[in-house]
Amino acid sequence: MHLADIPAGAQHILQTLAQSGYEAYFVGGCVRDLLRGVPPHDWDICTSARPEETEFCFAGHRIFETGLKHGTVTVLEEGEPYEITTYRTEGPYSDSRRPDYVRFVSSLEADLARRDFTMNAIAMGLDGSLRDPFGGAGDIQARRICCVGKPAQRFQEDGLRIMRALRFASVFGYEIESCTEQAIHNSRARLRHVAAERIHAELCKLLTGDSVGTVLRRFPDVLCEFWPQLEPLVQLKQNNPWHCWDGWEHTIHTVEAAPADEVLRLTMLLHDIGKPSCKSTDDQGVDHFYGHPAVSAELAGQMLRTLKFENRTRERVVTLVEYHDVQIPPRSQAVRRWLNRLGPEVFFQLLEVKRADSRGQAHAMVSRRLAELDALQKKAEEIIAQGQCLTRNDLALTGRDIIAAGIPPGPEVGRVLDELLDRVLSGEVPNERPTLLAWISH
Ligand code: ATP
Ligand code: MG
């Protein structure tokens, strides 16, 4: 840790408070990240000064009072906002969004005690000295997530801490200490009282973490608390030549195999969610899941709605889930048609989904499937680089030309354009003006 890495503005705030006779420390995420050797993304400060005293100390600065009810004053220093929070404890979270009330306290220890995990309950002074009453630095060293105080009680107070523990485990690759883990399993019902937006935010971070697989493997019960639709997938056995894993393990492999992107990871998590209700077993004992992509897409849409995902994300995931299983032959005509149908962005995302899905299937098939997908990718890139016609707008003639050719203005013009596009996509007619004009008048 190098104190020189602390922004001058942040140092100045601590100095200003100290010069006025108050205690002030960096606290929470920034201290944890410094100890982990990762640059902090913000610098939260805690102080013995009451909010009005803090405001007085920074009288010449721009100040935001949005967090005032909870003891937080935001001060703009060298263009950066810093949250300065008075030492406090918290009341209960009856709406599961915010504590009902906060109580200012005079000791730093009492403030640290309200924090969730030992690694988040460390304060650091300007000289780099630590105040670490719960042994958080040792836990960071040991790469361990541990509650401050009694885990069961802490999760009862605020169920979101369950998701925060899983998120940190996934993003940092830390292990969850066994008492804390046990309490997570036992307290998971508390999540039902947590606001959807809060769960959503933590889930997205969890899914894009490097250790997402470990967390999904150990805590499916936690996810089932807010997404009970996952339960049948977690239980799903599948016996067929394409899969060497059951439903949940296959899902986990595909999530891990996808790039760390929110839409792609959500798609993989939900792509087979409809399988359990589509399962049939043939005479040979082989399982089939006919029609599962459509059912999965429907369920995925509902699940993303309950967690209040924004429309754009929800619609994209639903589309990718719906098409995850389509077969696209690596021939120009088929690739042009799919590029036309999905647009290049979704098309290439779909290839990522298919790659991840292949990596989660029986080993023998993987390399062949991946090679097919690479061929498909190359073909699509070629078509785009050549500027081939993929939409009505790319046609070498316009609606005006069609009207000039004698077709009355109105819906018929659109139909002719669609038909022309269809011929061009199939390769039957080249996208050249004279040929297209000749084709209209034949
Ligand atoms: P990040 O790096 O994502 O910002 P963070 O730990 O800083 O992680 P914040 O939401 O910024 O997360 O919270 C700042 C600090 O407030 C935490 O480090 C922790 O000490 C405390 N904290 C946040 N949420 C809770 C909670 N639900 N229960 C108890 N303490 C919390
Ligand atoms: Mg933070």
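## Basis of the description

Helices (H or I, at least four residues) and strands (E, at least two) are DSSP runs, numbered from the N terminus. This is a predicted model, in which local features need pLDDT of at least 70 and side-chain atom pairs count only at pLDDT 80 or more, while totals for chains, interfaces and linings use all residues. Residues are numbered from 1 along each chain as its sequence is written, chains are lettered from A and ligands numbered from 1 in the order in which they are written, and side-chain values use heavy atoms, with hydrogens and water left out.

## The shell around ligand 1

Helix H7 (160-172) gives the largest share of the shell around ligand 1, namely four residues, and helix H2 (29-36) is likewise a source of at least two. Of the 14 residues around the ligand (a heavy atom within 4 Å), those that come nearest are Arg32, His41, Asp158, Arg161 and Arg167.

## Polar contacts

Among the polar contacts (pairs of N or O atoms within 3.5 Å), a polar side-chain atom of Arg161 lies 2.7 Å from a nitrogen atom of ligand 1. Arg115 places a polar side-chain atom 3.1 Å from an oxygen atom of the ligand, whereas Asp116 uses a backbone N or O atom, 3.2 Å from a ligand nitrogen atom.

Conventions:
Polar contact = N/O pair within 3.5 Å; in protein donor to acceptor, adjacent residues only side chain to side chain.
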